[in-house]
Amino acid sequence: MSGKVIVSTVAGELDRLLCLEKFPGDVSNNGLQTDAPGRAVRKICCGVDASMEFFEAALCAGADMCLVHHGISWGNSLARITGVNYTLVSFLLRHNIALYAAHLPIDANPLYGNNVVLCGYLGLTDVQPFGCYHGMTIGFIGNLPAPVSFPDFLKMTAGMPHVIRTCSFDFGVGEVSRVAVVSGGASDMVEQAASAGADVFVTGETGLQAYNMCRHLRMNMVSAGHYATECGGVERIGRYLSSKLNIESEFIDLKLPY
């Protein structure tokens, strides 16, 4: 593609790629959340969270536009531009940086999304959609090339990109083959994973409720970090935009252990 690429062009390409209309139940106001009308986009910086730490790093990196998974507009969260909202919005406006955010559309995308990227890290085959969240399917389930012991599977997940630490519940079978994956804070979907015939469920965060459910179901689960499991989507989409629109992209990794 030749000629100047502006914010609306990048936003339109992302709207098309991520099929925002398929996720009406998402609490995130997906799409362009702050504009920089007419600004040429030479570089887009990608990250997980629309935090000040990320925005400052993006500014230092020379970003014209940012792409994030967790944006700043959720439901009516921007009804008042005060406090943290004012700090974040005013920073973007002051520096004329556009912000595009997509939550569930990035989790679910079958080519570039968080969950399909995780399936790729684990080498899963015969990958199929899995995991219903408010009527929307956002995860995937597939098979390892060959069964492995649960301790060896833990080593695989610990070795995935961006993972700093893991937590696991080993209440299920000792050898795992079928794996269900939903990134982020999806530990309450472990029952769906068990019903779908998974030997292990991989997600980002966990807690007491998930521990008790895994114990009741005799199910294995691995949580590899909310942040770590949701780096892959924006990182891969950034590379796609570089190739498609001939703009520079950079993934800013804050290396958060949560």
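User: Start with H2 and H3. Which hand is the crossing?
Analyst: H2 passes H3 in a left-handed crossing. Keep in mind that this is a predicted model.

User: At what angle do H2 and H3 pack, and how far apart are the axes?
Analyst: The angle is about 10°, and the axes are 10 Å apart. Helix H2 covers residues 52-60, and helix H3 covers residues 83-94.

User: Is that roughly parallel or roughly antiparallel?
Analyst: H2 is roughly parallel to H3, because angles under 35 degrees count that way.

User: Which residues make the contact of H2 with H3?
Analyst: H2 brings Met52, Phe55, Glu56 and Leu59. From H3 come Thr87, Leu88, Phe91 and Leu92.

User: And by class?
Analyst: The contact of H2 with H3 has six nonpolar residues, one polar and one charged.

User: New pair. How do H1 and H9 cross?
Analyst: Helix H1 (residues 7-18) and helix H9 (residues 232-245) cross at roughly 120°. Their axes come within 12 Å. That angle makes H1 oblique to H9.

User: Left-handed or right-handed?
Analyst: H1 passes H9 in a right-handed crossing.

User: Who touches whom there?
Analyst: On H1, the contact residues are Val10, Glu13, Leu14, Arg16, Leu17 and Leu18. On H9, they are Ile237, Tyr240, Leu241, Lys244 and Leu245.

User: How many charged residues in that contact of H1 with H9?
Analyst: Three are charged. Eight are nonpolar, and there are no polar ones.

User: Let's switch to the sheet. What's the strand order?
Analyst: The order is S5-S6-S8-S9-S10-S7. These six strands form an open sheet, and the pairing is mixed.

User: Which are the edge strands?
Analyst: Strand S5 (125-133) and strand S7 (167-170). Each of these two pairs on one side only.

User: How much twist?
Analyst: From one strand to the next, the twist averages 25°.

User: In what sense do S9 and S10 pair?
Analyst: In the parallel sense, over four bridges. Strand S9 is residues 200-203, and strand S10 is residues 220-223.

User: What stands opposite Ser223?
Analyst: Thr203 does; Ser223 sits in S10.

User: Which strands does H5 lie across?
Analyst: Helix H5 (residues 114-122) lies across S5, S6, S8 and S9. H5 runs at about 5° to S6.

User: And H6?
Analyst: Helix H6 (residues 150-158) lies across S6, S7, S8, S9 and S10. The angle of H6 to S6 is about 125°.

Technical notes
Residues numbered from 1 in each chain as written. Predicted model: local features only at pLDDT ≥ 70, side-chain atom pairs only at ≥ 80, totals over all residues. Heavy atoms only, no water. Axes fitted to C-alpha atoms, helices over the stretch in contact; angles between N-to-C directions. Parallel < 35°, antiparallel > 145°, perpendicular 65-115°, else oblique. Left-handed = near helix turned anticlockwise from the far one by under 90°. Contact = heavy atoms within 4.5 Å. Nonpolar A, V, L, I, M, F, W, Y, C, P; charged D, E, K, R; others polar. Pairing = 2+ DSSP bridges.
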